[in-house]
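Open the model in your viewer and follow the stops below. Each one says what to select and what is there.

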Amino acid sequence: MKKIRPFALFALTIGAVFSAQAQTADNYPNRTIRIIVPYTPGAINDILARRMAQYLGEELKQTVIVENKPGAGTAIGTEFVARANPDGYTLLQAAAAHSILPSLVKKLPFDPLKSFEYITLAATSPYVMIATPKLPANNVAEFIALAKKEPGKYVYASTGNGSSAHLMGEMLKELTGADIMHIPYKGLAQGLNDVASGQVHVTFGTYPGTMTYLKPGRVKALATTGKSRMSSLPEVPTVQETVPGYHAQGWWGYLAPAGTPKEIVQKLNAAFNKIIRNKTFADTFTSEGVQMLGTTGDAFKTHVEQEMQVWGKLIKSAQIRTN
């Protein structure tokens with residue numbers, strides 16, 4: 001019997017692996033895909049995922065469903081995907097909390113970078129800094145002047161310690177030296193109600209989340225938090241027009257468990273980005289102040305790494321702790 005040389009055996013093994021991966025990608029998907037959303041149903045996180053699932057199902061000619069797995073600041077749903085089989089059938093719709101949580105929780109049951117294959121950064125959206133109509137300030141400069149004149153008098157609301165709104169308020173304090181008090185709430189609605197009534201002076205929220213209060217004039221917009229003005233609120237300046245270096249925004253992207261075959265990740269990237277560039281799909285969200293992107297997986301990962309550095313530095317300097 002003729003012996004197979006070690007090099008030939010190695011070549012056969014590698015060839016079999018690549019052949020299996022190619023076959024897997026060619027057959028993918030052949031059953032239902034799940035998109036895990038680590039938030040409760042409703043609001044922009046859930047709406048985006050369900051709309052995306054509909055289009056992705058049509059694009060891949062397979063059923064795509066959304067499962068909400070909230071809790072522990074998104075850690076429960078995120079861990080669920082990190083531990084899922086790396087076969088492309090369990091995906092995560094991650095948001096900005098993915099880059100914040102590692103600096104708030106010492107021992108996460110997953111690594112935000114190493115536990116996942118990055119597919120695409122789907123969209124970003126600035127937040128709106130809103131105020132009670134009773135506030136005697138109509139822009140950021142006037143608000144900062146008031147806060148410096150009477151330190152500790154003015155209060156901002158957030159959706160909890162370590163939330164995006166909390167970090168945005170602390171960033172404003174750090175860059176301006178203004179002494180503004182923080183009150184954490186369990187949700188945006190309660191905080192918005194107290195801002196509208198004047199019990200709290202300001203808060204930060206997404207445009208979709210705040211527009212039902214903005215449009216009827218129950219609150220007023222002082223600024224938006226992005227690098228440029230929002231097309232939905234072109235008359236509202238950005239914070240950085242007054243406070244250089246201030247920039248914060250929400251984002252949403254898609255991940256798969258680490259070890260998912262590269263060919264499947266590439267197939268998903270192409271499908272997601274095709275949908276994101278579909279005008280009918282995109283217009284649904286751009287009208288809500290969301291900027292659709294669609295990137296490479298590497299670009300998405302780099303974005304998260306940069307966000308982790310920014311928020312990690314702020315969390316440390318402001319000594320922010322979770323609830």
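**Whole chain.** Start with everything shown. Of the 323 residues in the protein, 50% are buried. The model is predicted. Colour by secondary structure: there are 11 helices and 10 strands. Turn to the principal axes, along which the C-alpha trace spans about 90 × 40 × 30 Å.

**Two domains.** Now colour by domain. The domain assignment puts 31–125 and 249–318 in domain 1, and 126–242 in domain 2. Their C-alpha centres lie 27 Å apart. The contact takes 16 residues from domain 1 and 15 residues from domain 2.

**The interface.** How much area is buried between domain 1 and domain 2? The value is about 1300 Å², with carbon and sulfur atoms giving 67% of it. On the domain 1 side, select Ser125, Glu288 and Leu314. These three lose the most area to domain 2, together 35% of what that side buries. A search for salt bridges between the two domains returns 0. Polar contact joins 2 residue pairs across the boundary.

Next, show α4 (97–104), β9 (249–257) and α11 (297–318). These are the elements that give two or more residues to the side of domain 1 that touches domain 2. Helix α11 gives the largest share, 6 residues. By class, that side of domain 1 has 8 nonpolar, 7 polar and 1 charged residues.

Move to Val155, in strand β5 (residues 155–158). Is Val155 buried or exposed? Val155 counts as buried, because its relative accessibility is 13%, below the 20% cut-off. Beyond its close sequence neighbours (up to four places away), Val155 touches Ile180, Met181, Ile183, Val200, His201 and Val202. Pick the C-alpha atoms of Val155 and Met181: they are 4.5 Å apart, although 26 residues separate the two along the chain.

Select His201 next. His201 sits in the loop between α7 (188–197) and β7 (202–206). His201 also counts as buried, at 16% relative accessibility. Draw a distance from the backbone nitrogen of Val155 to the side chain of His201: a polar atom there lies 3.0 Å away. Leaving aside neighbours within four places in sequence, the contacts of His201 include Ile130, Ala131, Thr132, Leu135 and Val195. Lys153, Tyr154 and Val155 are also among them.

**Salt bridges.** The whole structure holds 10 salt bridges. Begin with Glu59 and Lys274, whose closest N and O atoms are 3.5 Å apart. This pair links distant parts of the chain: Glu59 is in helix α2 (residues 43–60) and Lys274 in helix α9 (residues 262–276), 215 residues apart. Glu59 is partly exposed at 30% relative accessibility, whereas Lys274 is exposed at 51%.

Return to Lys153, one of the contacts of His201. The side chain of Lys153 meets that of Glu150 in a salt bridge, 3.4 Å from N to O. Both ends are partly exposed: Glu150 has a relative accessible area of 33%, and Lys153 has 43%.

Then select helix α6 (residues 164–176), which holds both Lys173 and Glu170, 3 residues apart, about one turn of the helix. They form a salt bridge, with the closest N and O atoms 3.4 Å apart. Lys173 is partly exposed at 22%, while Glu170 is buried at 11%.

For the last stop, show Arg34, Glu67 and Lys69. A network of salt bridges links these three residues.

Definitions and conventions. Residues are numbered from 1 along each chain as its sequence is written. This is a predicted model: local features need pLDDT of at least 70, side-chain atom pairs count only at pLDDT 80 or more; totals for chains, interfaces and linings use all residues. Side-chain values use heavy atoms; hydrogens and water are left out. Helices (H or I, at least four residues) and strands (E, at least two) are DSSP runs, numbered from the N terminus. Buried means under 20% relative accessible area, exposed over 50%, partly exposed in between (1.4 Å probe, protein chains only). Contact means heavy atoms within 4.5 Å. A polar contact is a pair of N or O atoms within 3.5 Å; within protein, one must be able to donate a hydrogen and the other to accept it, and residues adjacent in sequence count only if both atoms are side-chain atoms. Domain bounds come from an automatic or database domain assignment. Buried area is the accessible area (1.4 Å probe) that two parts lose on being put together, summed over both. A salt bridge is a side-chain nitrogen of Lys or Arg within 4 Å of a carboxyl oxygen of Asp or Glu. Ala, Val, Leu, Ile, Met, Phe, Trp, Tyr, Cys and Pro count as nonpolar, Asp, Glu, Lys and Arg as charged, and the others, Gly among them, as polar.
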